[in-house]
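Here is a walk through one structure by question and answer. Each answer sets a value against its rule and then concludes.

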Amino acid sequence: MTRNFLGLDPSLCNYEDARFAVLPIPYEATVTFQSGTARGPEAIIRASAQVELFDEELLFDPSQAGVATLGPVLADLGGPEQMQEAIFTAARRPVRDGKFLLGLGGEHSVTAGLVRAIAPAHEKLSILQIDAHLDLRNEYEGSPWSHACVMRRCLDHANTIVPVGIRNVSEEEHGFLGKSGIQPIFARECLGSDDWIDTVLESLGDDVYVTIDIDGFDPAFAPGTGTPEPGGLDWYQVADLLRLVCAEKHVVGADVVEVMPIPGQAVTEFLAARLAYKLIGFIAARESGRL
């Protein structure tokens, strides 16, 4: 079985030389509907071995920059808060070593620990959140560390959040939007025009962390997720948005989360693997002057 993202030769996945570090976080403890996201990172890595390394859009092989796969962050049985500490601790090393950190979840709560590790180096960090849900509850089912609260926890470390693809909002979250100044881009706003992309770019600051909950996609494209919502974004909308954000902003870290493998098919995990590599490609292209 492939143990490193993209199934790279040893010369391209050596940690010391790699520009990118992939951190698998096979964790789920606060899921509220379908379970299985703990299997997401392994499924994404397995599917990534089938991704073509030459990018047909960028016309080069981004993996030549080096992509190391770190050991997984194992679940901390002490509870969700302790798990956040474990994620933070695991993320600090590649961040300190100057790697571009790409987390693979697991449930969306893992993003809070990753953002906490990256934020100290960026005074006014913005977060681009691709998601069906706002995840802005202060607590859910008695826990402030639920996946339904993750973006609220990220606000402790970020200057602003720009949610895109939203189509599920609780009454509590609706009230919080008015107090916070957060202005979501709802999925229905992304139909028939690309004006919403300009709004996203204008709303983000210079330094951007990207979190991609796979349920931000229409479930027709990514059915393997724990909390699917009707409607959503398609591949080209998300890829075009990421390309422009990487071209115009300084993207400093990212994650892809909430992949729930469905037995007998690999549509969602392959989309996630391809998307993660596409993001690596955009970063590598920007840093090499190709974007």
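Q: What makes strand 5 and strand 6 a pair?
A: In this predicted model, two bridges join strand 5 to strand 6 (residues 185-186). Pairing asks for at least two bridges, so the two strands count as paired. They run parallel. Ile-166 stands opposite Phe-186 in strand 6.

Q: How do you know that strand 4 and strand 5 pair?
A: Five bridges link strand 4 and strand 5, in the parallel sense. The rule needs at least two bridges, so strand 4 and strand 5 are a pair. Ser-126 stands opposite Thr-160 in strand 5.

Q: What joins strand 4 to strand 7?
A: Six bridges join strand 4 to strand 7 (residues 207-213), and the two run parallel. At least two bridges are needed, so this too counts as a pair. Leu-125 stands opposite Asp-207 in strand 7.

Q: In which order do the strands form the sheet?
A: Eight strands form an open sheet in the order 2-1-3-8-7-4-5-6, with parallel pairing.

Q: Why are strand 2 and strand 6 said to stand at the edges?
A: Strand 2 (67-69) and strand 6 each have a single partner strand, so one side of each is left without a neighbour in the sheet.

Q: Why is strand 5 called mostly covered?
A: Strand 5 spans residues 160-166, and six of its seven residues are buried. Buried here means under 20% relative accessible area.

Q: Is Gly-216 buried or exposed?
A: Gly-216 has a relative accessible area of 0%. The limit for buried is under 20%, so Gly-216 is buried. Gly-216 lies in the loop between strand 7 and helix 7.

Q: What is the phi of Leu-6, and is Leu-6 buried or exposed?
A: Phi of Leu-6 is near 80 degrees, a positive value in a residue other than glycine. Leu-6 lies in the segment before strand 1 (20-25). Its relative accessibility is 4%. Buried means under 20%, so Leu-6 counts as buried.

Q: What is the phi of Asp-135, and where is Asp-135 found?
A: Asp-135 has a positive phi of about 55 degrees, although Asp-135 is not a glycine. Asp-135 is found in the loop between strand 4 (125-130) and helix 4 (150-154). At 5% relative accessibility, Asp-135 counts as buried.

Q: Which peptide bond is cis, with omega near 20 degrees?
A: The bond from Gly-105 to Gly-106 is cis. Gly-106 lies in the loop between strand 3 (100-105) and helix 3 (110-118).

Q: Why is the contact of Arg-46 and Glu-42 called a salt bridge?
A: Their side chains meet at 3.9 Å, N to O. The rule asks for within 4 Å, so this contact is a salt bridge. Arg-46 and Glu-42 are four residues apart in helix 1 (residues 40-48), about one helical turn. Arg-46 has 40% relative accessibility and counts as partly exposed. Glu-42, at 41%, counts as partly exposed.

Q: What makes Glu-56 and Lys-278 a salt bridge?
A: The N to O distance is 3.9 Å. The cut-off is within 4 Å, so the pair qualifies. Glu-56 lies in the loop between helix 1 and strand 2, and Lys-278 in helix 8 (residues 267-287), so the pair ties together parts that are 222 residues apart in sequence. Lys-278 is buried, with a relative accessible area of 3%.

Q: How do you know that Arg-243 forms a salt bridge with Glu-57?
A: Their closest N and O atoms are 2.6 Å apart. That is within 4 Å, so the pair counts as a salt bridge. Arg-243 lies in helix 7 and Glu-57 in the loop between helix 1 and strand 2, so the pair ties together parts that are 186 residues apart in sequence.

Q: Which residues gather in a patch of negative charge on the surface?
A: They are Asp-194, Asp-195, Asp-198, Glu-202, Asp-240 and Glu-248. Helix 6 (195-203) and helix 7 (235-248) each give two or more residues.

Q: Why is Asp-195 called exposed?
A: Asp-195 has a relative accessible area of 54%. Exposed means over 50%, so Asp-195 is exposed. The place of Asp-195 is in helix 6.

Notes. Residues are numbered from 1 along each chain as its sequence is written. This is a predicted model: local features need pLDDT of at least 70, side-chain atom pairs count only at pLDDT 80 or more; totals for chains, interfaces and linings use all residues. Side-chain values use heavy atoms; hydrogens and water are left out. Patches are made of residues with over 30% relative accessible area and no salt bridge: like charges are joined within 9 Å, nonpolar side chains (Val, Leu, Ile, Met, Phe, Trp, Tyr) within 5 Å. Accessible areas come from the Shrake-Rupley method with a 1.4 Å probe; for residues, only the protein chains shown count as cover. Lys and Arg count as positive and Asp and Glu as negative; His and the chain ends are not counted. The place of a charge is taken as NZ of Lys, CZ of Arg, CG of Asp or CD of Glu. Buried means under 20% relative accessible area, exposed over 50%, partly exposed in between (1.4 Å probe, protein chains only).
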